[in-house]
Amino acid sequence: MTMETLRSNLVVPAALAVSLVLAACSQPPVPQDRYYRLDVPQAASTGTILPGTLQMEPFITEGLTAGRAIIYVASESSTTMQEYNYDFWAEPPATMLRDELMAYLRDAGVADNIVVPETRAEADYIFSGRIDRLELIKGPEPKAFVELEMAVTRESGGTVILVRSYDVTVEASDATVRAGVDAANRAITTIFQQFLSDLRDS
């Protein structure tokens, strides 16, 4: 093998290695994860509706809705649920919804005390709820759809004070996840307002 041939054989692999490195560097960066909070406006004061202590249980939820990934469907008629890869709720929806509702009811002054089970306080009333749907709807007219079941029972004897199912659809300003989350916040606010009104009338 001549010296010239040897040099040729060394140059080709070196050039290939440089090409591979440059190709790797030109790959688009992996998108960063994004996290979203619920944001419900403060409730107007209603005065005491439930004299005593109200204990707030986390919402019950199952399947994909139990996770932090934001869920979407392709259209209102679609039965196929999918998760966004990089968009998440800041906390599990079951806890996040409970905490947002607790703050909302405290602002309204619904009960003398509103607590979580971890306080181990003696409760007079128990709030319980279930998330049936919490998802964004894609398509030419993007929306958010929220369906919740909410109940308040008396701790002593389990008497039902109120139990209702609520479902609200709100149009999003555009097809982005941020706009969908904003629409979900408006839907949840509407449900909280309806629940508070029903609780006042119960």
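In this predicted model, Asp112, Glu122, Asp124 and Glu155 form a negative surface patch. Glutamate 155 sits in the loop that links strand E7 (143–154) to strand E8 (160–171). Its relative accessibility is 45%, so glutamate 155 counts as partly exposed.

Now the overall layout. The chain has three helices and eight strands. From the N terminus, their order is α-β-β-β-β-α-β-β-β-β-α. Of the 202 residues, 38% count as buried.

Helix H2 covers residues 93–108, 16 residues in total. Its first and last C-alpha atoms are 22 Å apart, close to the 22 Å expected at 1.5 Å a residue. Buried residues in H2 include Met96, Leu97, Leu101 and Leu105. Just after H2, glycine 109 adopts a positive phi of about 75 degrees.

Next, the charge pairs. The structure holds nine salt bridges. One of them joins arginine 34 to aspartate 87, with the closest N and O atoms 2.8 Å apart. Arginine 34 belongs to strand E1 and aspartate 87 to strand E4, so the pair ties together parts 53 residues apart in sequence. Aspartate 87 is buried at 3% relative accessible area, whereas arginine 34 is partly exposed at 39%.

Glutamate 135 and arginine 133 also meet in a salt bridge, at 2.4 Å from N to O. Glutamate 135 is buried at 6%; arginine 133 is partly exposed at 27%.

Helix H3 (residues 177–201) holds both aspartate 182 and arginine 178, four residues apart, about one turn of the helix. They form a salt bridge, with the closest N and O atoms 3.1 Å apart.

Terms used. Residues are numbered from 1 along each chain as its sequence is written. This is a predicted model: local features need pLDDT of at least 70, side-chain atom pairs count only at pLDDT 80 or more; totals for chains, interfaces and linings use all residues. Side-chain values use heavy atoms; hydrogens and water are left out. Patches are made of residues with over 30% relative accessible area and no salt bridge: like charges are joined within 9 Å, nonpolar side chains (Val, Leu, Ile, Met, Phe, Trp, Tyr) within 5 Å. Accessible areas come from the Shrake-Rupley method with a 1.4 Å probe; for residues, only the protein chains shown count as cover. A salt bridge is a side-chain nitrogen of Lys or Arg within 4 Å of a carboxyl oxygen of Asp or Glu. Lys and Arg count as positive and Asp and Glu as negative; His and the chain ends are not counted. The place of a charge is taken as NZ of Lys, CZ of Arg, CG of Asp or CD of Glu. Helices (H or I, at least four residues) and strands (E, at least two) are DSSP runs, numbered from the N terminus. Buried means under 20% relative accessible area, exposed over 50%, partly exposed in between (1.4 Å probe, protein chains only). The expected span of a helix is 1.5 Å times one less than its number of residues.
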